[in-house]
Amino acid sequence: MRERPAGKIEQSWRRSPSRRAALGSLAGFLLGSPDLFAQQDPFRDHSRVPGLDELLTAFDFEEVAYAKLPRAAYNYTAHGGAGEFTVRRNREAFQWAAIRPKSSAKAAVVDASTEVLGTKMQFPIMAAPSAAHVALHPSKELGSYSGCTAAAGTPMIVSYATSTPFEEIAAAGGGPLWYQLYPREKLEDNRPRLERAQAAGCKAVVVTIDQQAAYYDRSAHDRNLSSRRRRPSVRPGVKPQNPYRFTSTRLWYEWKLFDGLRPMVRTPLLAKGILTPEDALLCIEHGLDGIVVSNHGGRGLDYSPSSLEVLPEIVDAVGGRIPVLIDSGFRRGGDVLKALALGAKAVCLGRVPRWGLASFGAAGVQRALEIVQAELVLAMKQAGCPTLAAADRSLVRLDLP
Ligand SMILES: Cc1cc2nc3c(=O)[nH]c(=O)nc-3n(C[C@H](O)[C@H](O)[C@H](O)COP(=O)(O)O)c2cc1C
């Protein structure tokens, strides 16, 4: 009788598989499992999405947000204007500023607390206004507020485009709330919103004046590829939308706007989106109590400078008359320390708390903020700065390209 040819398995037995080969096959089998596949982190193939306790830097939250969000929601948070040069420049700028440690100074105990326009804070860090948290987590702005409050009472600036009414957020109780306004062309149309926010206890009003015309290629691609594609309206009697790329809704902004808004606001009033000393001086001239140096996280004019590189000239022009806040590109405690040393009173974080919310809801916001706070304390210790007052210009060497 002829012997039956050995099958594949018998063949492999003949070669007496090594322990290493057996473990390799088992690993291959597990990696192919649909359960593990579902947890893959798209930023790094063949890894799983880490848990909250495994996230060590603010950047880690972006990867988890990417894994958990629909692509369009992730892109909405990530994108910048046009070629996103300013988005990248916002991060590059931190390479041009070196921290010069005061090696002789002792900073065993660090106090990073401060006060900005009557709002006390344990750390000079705030949550920047950002739109539509509904796209990130079911807890929406309430989750963000609860996370901010848990992170040492971090003040939160509620966006004009909030998906939860300001009153509802304020009613939840917690840390200080500021309100951000995108102004309406008819001056009186701004009054009801400002009244509601002030009645609900907002501690300051921030009027955003950049982003007069915005266009995001990345979002437009998402829209074009989705069923919600936006088409110019052709209904009779309805003003057609601008069919050409940018929205023109805010192209009417003028400085006299602030002369009209000022009497409507009983709290401190700030302008957000300042990038030049000339505009900073106009803010003072028009009665503003503070400014936020910002390029909207690179979401407005592409090729505009990073906010960090223009900070010193703006601080010089303002000359201490009003507090200068800053945002755009801040991710690390060391980033925050550089801006404080160059004269900023506080730093606002835009994408960091959004990634936190998208990743793990309120707990994610809290942890992401706490990481940056802890990094700031560490950087202050290492640099020999026990207090924010000690973080003066001598702490930073700025080498702009
Ligand atoms: C998704 C998203 C939505 C935003 N929405 C607003 C807004 O409604 N109002 C506003 O003044 N700024 C808005 N900003 C800008 C932020 O307040 C802030 O200037 C910017 O995010 C800072 O840069 P960063 O994200 O690098 O920290 C938004 C930013 C992002 C990322």
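A residue is buried if 20 or more other C-beta atoms lie within 10 Å of its own. Keep that cut-off at hand for the exercises below on this predicted model.

**Exercise 1. A helix and its surroundings**

Task: Find which residues of helix α7 are buried, and say why the helix counts as largely enclosed.

Solution: 
- Step 1. Locate the helix. Helix α7 covers residues 140–150.
- Step 2. Apply the cut-off. The buried residues of α7 are Lys140, Glu141, Leu142, Gly143, Ser144, Tyr145, Ser146, Gly147, Cys148 and Thr149.
- Step 3. Draw the conclusion. Ten of the eleven residues are buried, so α7 is largely enclosed by the rest of the structure.
- Step 4. Name the partners. The buried residues of α7 pack against β6 (125–127), β7 (156–158), α8 (166–171) and α15.
- Step 5. Look just past the helix. There, Ala152 has a positive phi of about 55°.

**Exercise 2. Two packed helices**

Task: Describe how helices α14 and α15 pack.

Solution: 
- Step 1. Two packed helices are described by the angle between their axes and the distance between the axes.
- Step 2. Read them off. Helix α14 (residues 333–341) meets helix α15 (residues 351–383) at an angle of about 60°, and their axes are 7 Å apart.
- Step 3. Classify the angle. Roughly parallel needs an angle under 35 degrees, and roughly perpendicular needs 65 to 115. The two helices are therefore oblique to each other.
- Step 4. The crossing of α14 and α15 is right-handed.
- Step 5. List the contact. From α14 come Gly333, Gly334, Val336 and Leu337; from α15 come Val372, Ala374, Glu375, Leu376, Leu378, Ala379, Met380 and Ala383.
- Step 6. Sort by class. The contact has nine nonpolar, two polar and one charged residues.

**Exercise 3. One residue up close**

Task: Decide whether Leu337 is buried or exposed, and find its contacts.

Solution: 
- Step 1. Leu337 sits in helix α14.
- Step 2. Count neighbours. Leu337 has 28 C-beta neighbours inside 10 Å, so it counts as buried.
- Step 3. Set aside neighbours within four places in sequence. Leu337 is then in contact with Ile99, Leu376, Ala379, Met380, Ala383 and Ala391.
- Step 4. Check one pair. Leu337 and Ala379 are 42 residues apart along the chain, yet their C-alpha atoms are separated by 7.2 Å.

**Exercise 4. The ligand shell**

Task: How many residues surround the ligand, and which are the closest?

Solution: 
- Step 1. Count. The ligand is surrounded by 24 residues.
- Step 2. Name the closest. They are Ala128, Thr208, Gly297, Gly350 and Arg351.
- Step 3. Sort the shell. Eight residues are nonpolar, twelve polar and four charged.

Technical notes:
Residues numbered from 1 in each chain as written. Predicted model: local features only at pLDDT ≥ 70, side-chain atom pairs only at ≥ 80, totals over all residues. Axes fitted to C-alpha atoms, helices over the stretch in contact; angles between N-to-C directions. Helix = DSSP H or I, 4+ residues; strand = E, 2+ residues; numbered from the N terminus. Parallel < 35°, antiparallel > 145°, perpendicular 65-115°, else oblique. Left-handed = near helix turned anticlockwise from the far one by under 90°. Contact = placed C-beta atoms within 7 Å. Nonpolar A, V, L, I, M, F, W, Y, C, P; charged D, E, K, R; others polar. Near = placed C-beta within 6 Å. Buried ≥ 20, exposed ≤ 12 C-beta atoms within 10 Å, placed from the backbone.
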